[in-house]
Amino acid sequence: MSLEQTDGQKVYTNDDDSEEPEIDRGLFEAWAAKTIKNPKRTYKALFYTATIFFLVTTLFPFYWLFMVALTPRRNLQDVGLVPSGFDPSLLAQGDLTMGTNPGVFLEVFTIIPFHRYMFNSFVIATVTTIVVIIVASLAGYVFGRLRFPGKGPLMLLVLIVSFFPPAAFFIPLNDLFNTNIDILRPILADGSLYNTPYAMVVPFSAIFMPLSIFILTTFYSQIPDGLEDAARIEGTTRLGALFRVIMPLSAPGVATAGVLTFIAVYNEFFFSFLMTDGSADNWAPIVDGILQYQGQYEVLFNVMAAASIVGVLPVAILVVVAQEKIVSGLTAGALKE
Amino acid sequence: MATDHTNSPAETGADSGGVFSGFLTWMENLSEAAYAYLLLIPGFLLLALVAFYPLLSTLRMSLLADETRGAEPLGGFVGLENYIDVFTGDTRLSRQVIDVALTSDFPFLELGTPFFRQALFVTLAFAILSVLFETIIGFGQAMVLNQEFEGRRWVRVAIILPWAIPIVIQGMLFFLMFQPTVGFGSEIMQSIGLFGDNPLASSRDSFIIVLVADIWKTSAFMALLILAGLQSVDRSLYDVAKVSGATPWQRFKLITLPIVMPALIVAMLFRTMDAMRVYGIIESTASCSTVPSMTCLVIDGLFGGTRIYGTAAAVAFLTAALIGVFIAVYLAKFRDSEGGFM
Amino acid sequence: TGGNGGSDAVVVSADSVMADASDEIISALRNSGLDTDIEVEIVQEDFQTDSRRQTYSSALNAGRSSPDLFMMDSGWTIPFIVREQLVNLEEQLSSDVLDRIRNDYLSASVATAESPMSGDLYGVPIFPDYPVMHYRKDLAEAAGYNPDGNNWATTPMSWQEFSQVAADVRDQSGVEYGFTTQAAAYEGLACCTFNETMSSFGGAYFGGVDNLFGPVGERPVTVEEEPVIETIRMMRAFMYGSDDPEAAEGYEQIAPSSIVQWTEEDARGPFTSGNAAFHRNWPYAITNNVEAFGTDFDVMPLPYGVPESESKYDGLGGSRAALGGWHLTMNPNSQKTEDAVQVLEAWTSDEVMLTVFETAGNLPPIPGVLDGVTEDDVGPIGRYVDTLQYVADTAVPRPVTDLWPNQSALVYQEVHDAYTQTKTPEEAMSTLATELEESDTR
Amino acid sequence: MGNVKLEHMTKRYDDVTAVDDMNLDIKDGEFVTFVGPSGCGKSTTMETIAGLTKPTEGTISISGRDVTNLPPKDRGISMVFQNIALFPHMDVFDNISFGLRLRKYDDEEIQRRVDRAADIVQLENMQDRMPEEMSGGQRQRVAIARAIVRNPDVFLMDEPLANLDAKLRVHMRTELQRLHKELDTTIIYVTHDQAEAMTMSDRIAVINAGKLQQIDPPLVCYNEPANLFVAGFIGSPSMNFIEGTITDNGFESEYVTVDFDPSTVGVTVGSSITLGIRPEDVYESSKAHTLADPTVAMPVTTDVLEPMGDEIFIYLLLSEAAETSMDTAQANDQLLMSTDPDSTLGEDEQLEVVLDRSKVHLFDTASGTAISHGIADPAVASESEAEPSTDD
Amino acid sequence: MGNVKLEHMTKRYDDVTAVDDMNLDIKDGEFVTFVGPSGCGKSTTMETIAGLTKPTEGTISISGRDVTNLPPKDRGISMVFQNIALFPHMDVFDNISFGLRLRKYDDEEIQRRVDRAADIVQLENMQDRMPEEMSGGQRQRVAIARAIVRNPDVFLMDEPLANLDAKLRVHMRTELQRLHKELDTTIIYVTHDQAEAMTMSDRIAVINAGKLQQIDPPLVCYNEPANLFVAGFIGSPSMNFIEGTITDNGFESEYVTVDFDPSTVGVTVGSSITLGIRPEDVYESSKAHTLADPTVAMPVTTDVLEPMGDEIFIYLLLSEAAETSMDTAQANDQLLMSTDPDSTLGEDEQLEVVLDRSKVHLFDTASGTAISHGIADPAVASESEAEPSTDD
Ligand SMILES: Nc1ncnc2c1ncn2[C@@H]1O[C@H](COP(=O)(O)OP(=O)(O)OP(=O)(O)O)[C@@H](O)[C@H]1O
Ligand SMILES: Nc1ncnc2c1ncn2[C@@H]1O[C@H](COP(=O)(O)OP(=O)(O)OP(=O)(O)O)[C@@H](O)[C@H]1O
Ligand SMILES: O=P(O)(O)OC[C@H](O)CO
Ligand SMILES: [Mg+2]
Ligand SMILES: [Mg+2]
């Protein structure tokens, strides 16, 4: 990026074109004249301006969150571009922290078993994502590629789920998931889903599924029929074609649906809060963990900030991995039509 | 088929073999419609259990009277009374869904309580503004990410990252930022005259904070989906367009936009629905009492301590109805968009 | 695994502080007569009171059998009682224990664990919570005051006097704020900061202490009375000074208007970081402030509006602190009722109370238990025992009914509107009166 | 096994009947080529046989089984698609081996077969290329390899050689024929290349507007077209058509007269008849002596000359007003003649030409149905009439 | 305007050199056809001219302007893509009118032009179909219409007729030629159809492995191929090649001997030479009398016969051990002969053939370069050598 950026900035300032005769024109005017002559330059300049703008606006709050984390708890006042209490002169005195509190990133794990909360969230999000992608793929395939009576109404039915505040589902579900179901007794301690990952995976799968269904419907519908045909001729079933050809070709859509679902579940709070008792051993997720730093009155903002920075890392890694799937031009070279 | 069928598996029925084969063959032979219904079963089973059943139960709840004390959480059947009460303000809700008073002067209506304190207005204004800005910004971000440049993967992570932040933390972040003793947000906004002294105590200022917080976080959602749409455009179409003389803007308008449209509409559709159910960011930034949304009222009714399940369920259904009205517009568009499928 | 009914232990759901002190508490329970074959497990629930209420509510709604005992906020125990979701302890506890609770416990606390209809006991108070005025003794002394000499620790001053002192100390010491408190639009404003201040002026929401817990629909709404209005005017004077036409006369401008968006921690921040002279908060903050200022820090009772004698209602006026605190209640779906009863009974012993005070910093529900307790016994907090004991007697309970969670929202919104100058005190209170009446009688 | 039978197969789209009551009986091991104008329903017929689309009416059986409702994978077919349809996310090896991997062949066998198929299509060293990195012809060859790597009962090939150069096409033609012989597989083939159709097929099925016109061995289609459509469609350049009427003396049109006894060829005097003659059956009258049975000479003027290297097409104008149109089937006053490249004729030269009477075709103008292929002198009518169908 | 000039143009992909130091100078209004084996770089050259891909080295100018760095839209071109690439979200009308709408033509003019283009490609009634509802050939025609609806300086057409049937192809050929004349536009064309290349082009550019082999008028390429590659590539079926050496008496190989005086054709005795002869220049010795200058007869056996309707290809084996390969350029002991359809030859017959000496080509075996086209008797050497290039 940095290389490219400097390149881009050259575009603004580089003034050594010999064909520019008027010396007394202002820099900006000269630049404007050039851009009119060479629209590519304008696009490039625009592009870098936009990139930098987006980077600054999205990253700044993170930067600030980091500063909040580094601020010693007692000083959580007037946190600016540097943590409050930051004092570079302390370095001279051998204080490497310069008045900040990097130890907070350890506190995150010593106050509560935060890693276990992360693990819980990770497992629940992974399982949910897999379930959602599989089930939504079937539905997306049906809605995107097949014609059958009742398609419109059925899609609407899926959509309607998202019309309701999640709270509207909760009270009946609470009864359901706390019911002691005898056949579940061998698997679950008291035969109810409370305090088990199932109590989260099941509702999340349903509640986050409509989005994935719609995303996948859109993407699957755009894969040319010819490719599915070719797969079927080669000997797959219709389902085989879905998983071997349509899904890989819709990788941007599948990866996006996956990432969105994963993140949503990873950070979900409402259901997981009510479906577990909040303890790490009982599959409480990461947000429950973060809220453990919040006392009746006293809130450890700095530890919460640090914890959320730590907690975001797996998602960042996921995005890095998933984006490799969101690669360009997948359908190029497939068809002559 | 004649030469070497020694040690070569059968030509017909490739995916078969094993326990499944009978089932798979049966499935393969289903008519398109039957096959469609079959594949929809898992999804709809899940939805039936976790969504449709609870919703029906909530619907029933909305037709029963509130019962704030006693062992039974719900009273007798009251028909649509809860719904009517919600509109007339005759409920135990801590904020008005809508409070419009009749006057004798033109336009014969006036807001009983200010704009930013009515759940309906907050919900609508929030949804419209946030979706508008998120779409524009998300599209911009997606366009940037769609370019090939060095470091693109890192820029992509950076832009997606806000979406990965739990709402609680997002709320905390903006809360602290606008907490005058901690952050500098209020100061800046006050100095440019946008905010009053205590933004988090002002419904209007808090509304803007919540809006900005949501845009910051959720533009990434839009960007991700739109980017995926952009990536699915067959590059050779751009070649054709270029040779036909299309400028970048024309390529965007005539090729990119129509092909991305279905993905864009899905993104906007779900963002709109989400925005109209906004709750978490409000509660963790400015609190529902400062910026009440429809969902705030539902949560308040169901979990607020005063047990008013009937009213809360009615508000939930009213929220759904409101969303339904909005969504109808999208659905119409959806049908029109190329590659649309409903 | 904690909350599951799988183990044989009596599961007590509590907060993290109690859970951390679990070993000490359990051994104190045993010393107080709990059978050794009864296992006890103190598990940690959310610290946030709202979160905990929701958790308990969903557990009880769902008929979950665990935990056996809930640690419930005195601010929302009554709604659970009137919904018949808790075990009536009158039939469970021995008469000795019942007598001890009725006679020795802080009665304001016990009142929030009883059914407003029958008066039956449904919860055992385990510790009360009430605010004190935190202040910088060093700054006050530097400004020429003599806290020790004037016995600020147990002699409340009037708000008027307080505002002058606060302004003076602030001006002399150069700290930013004279006084910080909580006035955001949240439950704390309705139940506590506004309630206690109003009470110190002799005002009440529902016509005095007797009607706090009902009967709903048959009690007067009295928020339009003069003491209530006066309270608001005073707060506006604290925030806006004489610029505000609605400000009461005779008070100094001592608080930032930012308090309208502050809750406990927001208000404590400036104080703990040395930017405020006086600060209203709960005893939990004592630890932080002692850490920050050592013996330069002290506490005193909250100021009073009018002397108790001038109050229209009994038990109001004078220094008033809003009473919070926590009870242990019993899950009707518990499979271990008998064991749980034993745990409850053991919990009423002095030893358990002192252990909790020592290890968790939570005040004993019988103030007298603290008699003679010193810094040597319980650490720095021991320095403030006098004030704490004094305040315990002046605490006013919150007006908790099944409708309170809803009514409190009405209260804090209107009060907050008045605080933020959106409405005049009269406008706000008249709206509130209408709303509360509608709410009570609907 | 391997025989393919369509009975009353019809496929209708919303407003188009793509295939109209098609009846076909293709024998096991037969090589049948579908030809017909663009949009006539060739691909649709293929897709229906493959099971990719359900016929609106009628049934399909393969290897004696009614497969109308069987999925493609159970029909024992492999197919080269007109639009190629490579899996863009797989490299060449994966594309070719896709079907084998589905069938769980062992790795060695897969590699062996893929190597062989890649070899046949001359893509030995490209197995790890992605489709987007290949040229049009290379992609097409991958598609062929993907089909031939398996041993199905029936091969369906929809213009598999469209994007290949002449040399490669000849090579592929040979390879496909070898494969056909070796595996004894039924092949159904679509091509627009006449040479391909003529050389490879056991039978050619000529389709027009969704309807089967004729299905016969190539030379029968060429020499004895069933109707005007087939006559005009098979052969490039196309047959010359001249509309006229039957008189007592034979055929007569404005510019052309061919003598014969109407009764011997079974036409009635006065009926409207179209005469057809292929360009190679038109001769300069100087060469009339090489013909057994030439018509009388007619005067013409040369117009456009198209030298093709191994032959020259010469457009002849029958009248002064005539104008050359390359569409030989359309103009009544024009003849296309094909001649040796050695011909010394130039443009705008006057000359006389004769037709080979044994190669003259007569069609009913109204219905298009063929009436006679070759007209002989009354005396030898019975012999010469049978001639074209035997040893040519 | 409209001239296209490539100078030292090279295009390399990671591991492939698709185009290698290409120099081309195409005149304004010229019709140049690129031919070459699959993957030789034709499409890549087109794309570079169009500006869709940047050359790795070299420059491109169009109409005298260096356009190497100009975007496609400023190059004054329109293009038919090999992969067709219709806009899937637009109907036929919108696809065809795309370029016009970009240029803000008024609606009437657009409709007029689209109608005309649709008419030319015979898709009059399909303007509101979506691409997915069309047959392969129909789609290709839309692609052609999309290109010809505009008036650019240069048309680039990459196998525009690949999926069309013979009749339609002839029609389109005529239409494109008419368009070419009318608009006087430069056309660069890729085709695998020899007839197309021969009839339409002013010049043919033969490309092999990214390198330009020859660019000349069609008959020059056919009759005077610059090297072995061109000789083998142009003409279908391909020229026969026989490797041998030069002796004092002329050319000698295991089975074939051709007498001539080496000095007259400029070859040195002892050098390795490949002799080339086209199938149509091989004659049964019974017909030797029709030739001005036949070689001595050689005995052969007929093997495979390929009847094409208007001619028959006969594979002749020169030795007993020989086996037929359809790839005529590969086997030294085999000859392909093309003869009249009237020929009565059968399989496995013994006969003698002669070659037309004036059509014998000699190539240097090592470099492939052509040495001589036609060998005459020493006496008339100077005349006959020049012959093929003039009036043939
Ligand atoms: N993106 C690419 N990456 C790598 N190699 C490529 C790429 N595109 C083309 N090639 C190679 O460049 C060479 C030339 O390709 P080109 O498409 O120009 O061939 P062509 O002459 O058009 O062939 P055809 O007649 O088969 O269409 C081929 O060998 C091809 O494999
Ligand atoms: N999905 C569809 N909807 C409507 N009409 C269609 C559809 N698919 C094909 N057609 C029409 O059906 C007819 C037959 O199409 P088909 O593809 O079988 O032709 P074809 O013989 O393969 O032609 P080509 O040689 O051009 O490939 C065409 O007129 C075509 O326009
Ligand atoms: O990247 P380009 O130049 O092919 O153009 C891309 C489109 O304009 C963006 O939507
Ligand atoms: Mg087709
Ligand atoms: Mg190509």
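## Close-up legends

**View 1. A loop residue of chain A.** Asn195(A) lies in the loop between helix H8 (167-178) and helix H9 (198-221) of chain A. Helices (H or I, at least four residues) and strands (E, at least two) are DSSP runs, numbered from the N terminus. Have a look at the backbone here: phi of Asn195(A) is near 65 degrees, a positive value in a residue other than glycine.

**A note for all views.** This is a predicted model, in which local features need pLDDT of at least 70 and side-chain atom pairs count only at pLDDT 80 or more, while totals for chains, interfaces and linings use all residues. Residues are numbered from 1 along each chain as its sequence is written, chains are lettered from A and ligands numbered from 1 in the order in which they are written, and side-chain values use heavy atoms, with hydrogens and water left out.

**View 2. A cis peptide bond in chain C.** The bond from Ser66(C) to Pro67(C) is cis, with omega near 0 degrees. To find the spot, follow chain C into the loop between helix H3 (49-62) and strand E3 (69-73), where Pro67(C) is found.

**View 3. Ligand 1 and its shared site.** Residues from chains D and E surround ligand 1, so the site is shared between chains. The shell has 21 residues, and the closest are Ser135(D), Gly137(D), Gln138(D), Ser43(E) and Thr44(E); a residue is near the ligand if one of its heavy atoms lies within 4 Å of it. By class, five of the shell residues are nonpolar, eleven polar and five charged. In this scheme Ala, Val, Leu, Ile, Met, Phe, Trp, Tyr, Cys and Pro count as nonpolar, Asp, Glu, Lys and Arg as charged, and the others, Gly among them, as polar.

**View 4. Polar contacts of ligand 1.** On the chain D side, a polar side-chain atom of Arg129(D) lies 2.7 Å from an oxygen atom of ligand 1. On the chain E side, a polar backbone atom of Gly39(E) is 2.7 Å from an oxygen atom of the ligand, and an N or O atom in the side chain of Ser43(E) is 2.5 Å from one. A polar contact is a pair of N or O atoms within 3.5 Å; within protein, one must be able to donate a hydrogen and the other to accept it, and residues adjacent in sequence count only if both atoms are side-chain atoms. Taken alone, ligand 1 exposes 630 Å², and the protein buries 90% of that (Shrake-Rupley method with a 1.4 Å probe; for residues, only the protein chains shown count as cover). Helix H4 (136-148) of chain D and helix H1 (42-50) of chain E are the elements that give two or more residues to this shell.

**View 5. Ligand 2, between chains D and E.** This ligand, too, lies between chains D and E. Its surroundings hold 21 residues, with Ser43(D), Thr44(D), Arg129(E), Gly137(E) and Gln138(E) the closest. On chain D, a polar side-chain atom of Ser38(D) is 2.8 Å from an oxygen atom of ligand 2, a backbone N or O atom of Gly41(D) is 2.9 Å from one, and an N or O atom in the side chain of Ser43(D) is 2.5 Å from one. The protein covers 90% of the 630 Å² of accessible area that ligand 2 has on its own. Elements giving two or more residues to the shell are helix H1 (42-50) of chain D and helix H4 (136-148) of chain E.

**View 6. Two domains of chain A.** Chain A is divided into domain 1 (25-102) and domain 2 (106-331); domain bounds come from an automatic or database domain assignment. Nine residues of domain 1 of chain A are in contact with nine of domain 2 of chain A, where contact means heavy atoms within 4.5 Å. The two domains of chain A bury about 760 Å² between them, 64% of it on carbon and sulfur atoms. Leu65(A), Ala69(A) and Arg73(A) supply 56% of the area that domain 1 of chain A buries against domain 2 of chain A, more than any other three residues. Buried area is the accessible area (1.4 Å probe) that two parts lose on being put together, summed over both.

**View 7. Two domains of chain D.** Here the chain is divided into domain 1 (4-225) and domain 2 (237-386), and the C-alpha centres of these domains of chain D lie 37 Å apart. The area buried between them is about 440 Å², of which carbon and sulfur atoms give 50%. On the domain 1 side of chain D, Tyr222(D), Asn223(D) and Pro225(D) lose the most area to domain 2, together 86% of what that side buries.
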